[in-house]
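Reader: I have a structure open and would like to go through it with you. Could you start with how the helices pack?

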Amino acid sequence: MRLILLGAPGAGKGTQAEIISKRLHIPTISTGNILREAIKNGTETGLRAKSFMDKGMLVPDDVIIGIVRERLAEPDCADGYILDGMPRTIPQAEALLEQGIEIDRVVSIEIADEVIEARMTGRRVCGTCGASYHIVANPPKTEGICNACGSELVIRKDDTPETVRHRLEVYHAETEALKGFYAKLGKLRLVEGNQPIEDATRDIMAALGGSE
Ligand code: AP5
Ligand code: MG
């Protein structure tokens, strides 16, 4: 299964990708997590990406296309993967096609802008593995600590209300058009994002043609 998860910031892409990755035994490739790791490690890519990400702007297509091309060539992607947060522009989607990358399914997690802000103020992420939590909807087993790797949870730098608003504008201006792009290819399925996490997972699994 080669799956793309589309959706606005806060729609639940990272949360669902983590669950589905465990169920289907395929890796998640999250460009946001890869970029945050690059920033933490002070790499050249990280330095280039940081100013865009802090402002809630998209990182240039050439950077993203390069990162994803390299990552998908790794052996653990041979039997499938979940792309979380990529593509985010039509040129990124075209680059996947040009590279001969066959996508089986594109699921867009649908959610109204008004719901997003509340979600983002309650979000905590793992500073090491990038896992996403919510202080009310999806709390970690131990407060402030990642269930998966035991590291400290932090607030993402781009989760301030002002930056979230800008990220939403960017989503509507640049990314939402991908729904039409993949609908034309017959790959798109829509899933309601404003429902409990496990219900959204059930609907995504159904959209993949599998069951719970
Ligand atoms: P990225 O890290 O991908 O951020 P994003 O798309 O803005 O999405 P988020 O990670 O904020 O939200 P999510 O949908 O993963 O939601 P989550 O599951 O965490 O990208 C960050 C930046 O990197 C971009 O702004 C850009 O600068 C750059 N970038 C990345 N990829 C790029 C690309 N391809 N091209 C160019 N630039 C790129 O859930 C959110 C919260 O809600 C959590 O607290 C969670 O616990 C909670 N929650 C989840 N589901 C539910 C539910 N059903 N009910 C209640 N709460 C829920
Ligand atoms: Mg995410």
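Author: In this predicted model, α1 and helix α9 (residues 197–207) pack at an angle of about 55°, with their axes 10 Å apart. Helices here are DSSP runs of H or I with at least four residues, strands are E runs of at least two, and both are numbered from the N terminus. Axes are lines fitted to C-alpha atoms, for helices over the stretch in contact, and angles run from 0 to 180 degrees between N-to-C directions.

Reader: What does that angle make α1 relative to α9?

Author: It makes α1 oblique to α9, since angles under 35 degrees count as roughly parallel, over 145 as roughly antiparallel, 65 to 115 as roughly perpendicular and the rest as oblique.

Reader: Switching to the ligand, which residues come nearest to ligand 1?

Author: Of the 36 residues around ligand 1, those that come nearest are Thr15, Met57, Arg88, Ser132 and Arg167, where a residue counts as near if one of its heavy atoms lies within 4 Å.

Reader: Which helix gives the most to that shell?

Author: That is α2, with four residues. By type, the shell residues divide into 15 nonpolar, 13 polar and eight charged; Ala, Val, Leu, Ile, Met, Phe, Trp, Tyr, Cys and Pro count as nonpolar, Asp, Glu, Lys and Arg as charged, and the others, Gly among them, as polar.

Reader: How far is Arg88 from an oxygen atom of ligand 1?

Author: A polar side-chain atom of Arg88 lies 2.5 Å from a ligand oxygen, while for Arg36 the distance is 2.9 Å and for Arg156 it is 3.0 Å.

Reader: What should I know about the numbering and the values?

Author: Residues are numbered from 1 along each chain as its sequence is written, and chains are lettered from A and ligands numbered from 1 in the order in which they are written. Local features need pLDDT of at least 70, side-chain atom pairs count only at pLDDT 80 or more, and totals for chains, interfaces and linings use all residues, while side-chain values use heavy atoms, leaving out hydrogens and water.

Conventions
A polar contact is a pair of N or O atoms within 3.5 Å; within protein, one must be able to donate a hydrogen and the other to accept it, and residues adjacent in sequence count only if both atoms are side-chain atoms.
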